[in-house]
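Student: Please take a close look at one helix of this model and at what its side chains do. I would like one connected account.

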Amino acid sequence: MENEDNTIDELLSEISGLITLYPKAIERQAAIIQSTGKDPELVDKLVQAADTMRDSGNLYLTWAKHYAAMAKGNTDATSDEDETEDFDV
């Protein structure tokens with residue numbers, strides 16, 4: 001059981017890292033497009049997409065943490081804490 005707990009924690013950590021990096025990568029791409037002077041409308045869409053992905057990633061991670069806690073046997077895996085600061089919001 002402990003090995004499975006470690007696997008869940010490792011996967012949660014990987015997911016968290018990727019979900020944090022993804023919007024930043026979109027923003028970098030938007031900055032590259034903006035610096036070339038091409039398609040300002042696309043730049044705006046990409047910036048909005050990064051914000052949307054950040055928000056939805058935060059929601060996904062909140063649920064993932066909830067289910068990870070449940071998988072560890074924590075039947076009281078609910079929290080009223082605001083975790084948005086954990087995810088660079």
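Tutor: The protein chain, a predicted model, has two helices and zero strands. Of its 89 residues, 21% count as buried. The accessible surface is about 6600 Å², and carbon and sulfur atoms account for 54% of that area. Among contacts with a separation of 6 or more, 65% are between residues 24 or more positions apart.

The part to look at is helix H2, residues 40-71. H2 has 32 residues and spans 46 Å from its first C-alpha to its last, close to the 46 Å expected at 1.5 Å a residue. Asp39 has a positive phi of about 45° although it is not a glycine, and its relative accessible area of 41% makes it partly exposed. Just after H2, Gly73 also has a positive phi, about 95°.

The buried residues of H2 are Val43, Ala50, Arg54, Gly57, Asn58, Leu61, Ala64, His66, Ala68 and Ala69. Val47 of H2 is partly exposed, at 36% relative accessible area.

Now the charged side chains. The structure holds four salt bridges. One of them joins Lys45 to Glu41, at 3.9 Å from N to O; a salt bridge requires these atoms to be within 4 Å, so the pair qualifies. Lys45 and Glu41 are four residues apart in H2, so about one helical turn separates them. Both are exposed.

Arg54 and Asp51 form another salt bridge, with their closest N and O atoms 3.3 Å apart. These two are three residues apart in H2, which again is about one helical turn. Arg54 counts as buried because its relative accessibility is 14%, under the 20% limit. Asp51 is partly exposed, at 38%. Through salt bridges that share partners, Glu27, Asp51 and Arg54 belong to one network.

The segment after H2 has a charged pair as well. Lys72 meets Asp9 in a salt bridge of 2.6 Å, N to O. This pair links distant parts of the chain, since Lys72 lies in the segment after H2 and Asp9 in helix H1, 63 residues apart. Both partners are partly exposed, Lys72 at 40% relative accessibility and Asp9 at 32%.

That leaves the aromatic side chains. A pair of aromatic rings is described by the distance of the centres and the angle of the planes. With ring centres required to lie within 6.5 Å, the count is one aromatic pair. The pair is Trp63 and Tyr67: the centres are 5.7 Å apart and the planes meet at 25°, so the rings are stacked, the limit for stacking being under 30 degrees. Both residues lie in H2, four residues apart, about one turn of the helix. An α-helix has 3.6 residues a turn, so residues three or four places apart point the same way. Trp63 is partly exposed at 44% relative accessibility, and Tyr67 is partly exposed at 49%.

Trp63 and Tyr67 also belong, together with Leu59 and Met70, to a nonpolar patch on the surface. The accessible area of these four residues together is about 450 Å².

Key
Residues numbered from 1 in each chain as written. Predicted model: local features only at pLDDT ≥ 70, side-chain atom pairs only at ≥ 80, totals over all residues. Heavy atoms only, no water. Phe/Tyr/Trp six-rings, centres within 6.5 Å; stacked < 30°, edge-to-face > 60°. Buried < 20%, exposed > 50% of the residue type's maximum accessible area, 1.4 Å probe, protein only. Patch = residues over 30% accessible without salt bridge, like charges linked within 9 Å, V, L, I, M, F, W, Y side chains within 5 Å. Areas by Shrake-Rupley, 256 points an atom, 1.4 Å probe, with all protein chains shown as cover. Expected span 1.5 Å × (residues − 1). Contact = heavy atoms within 4.5 Å.
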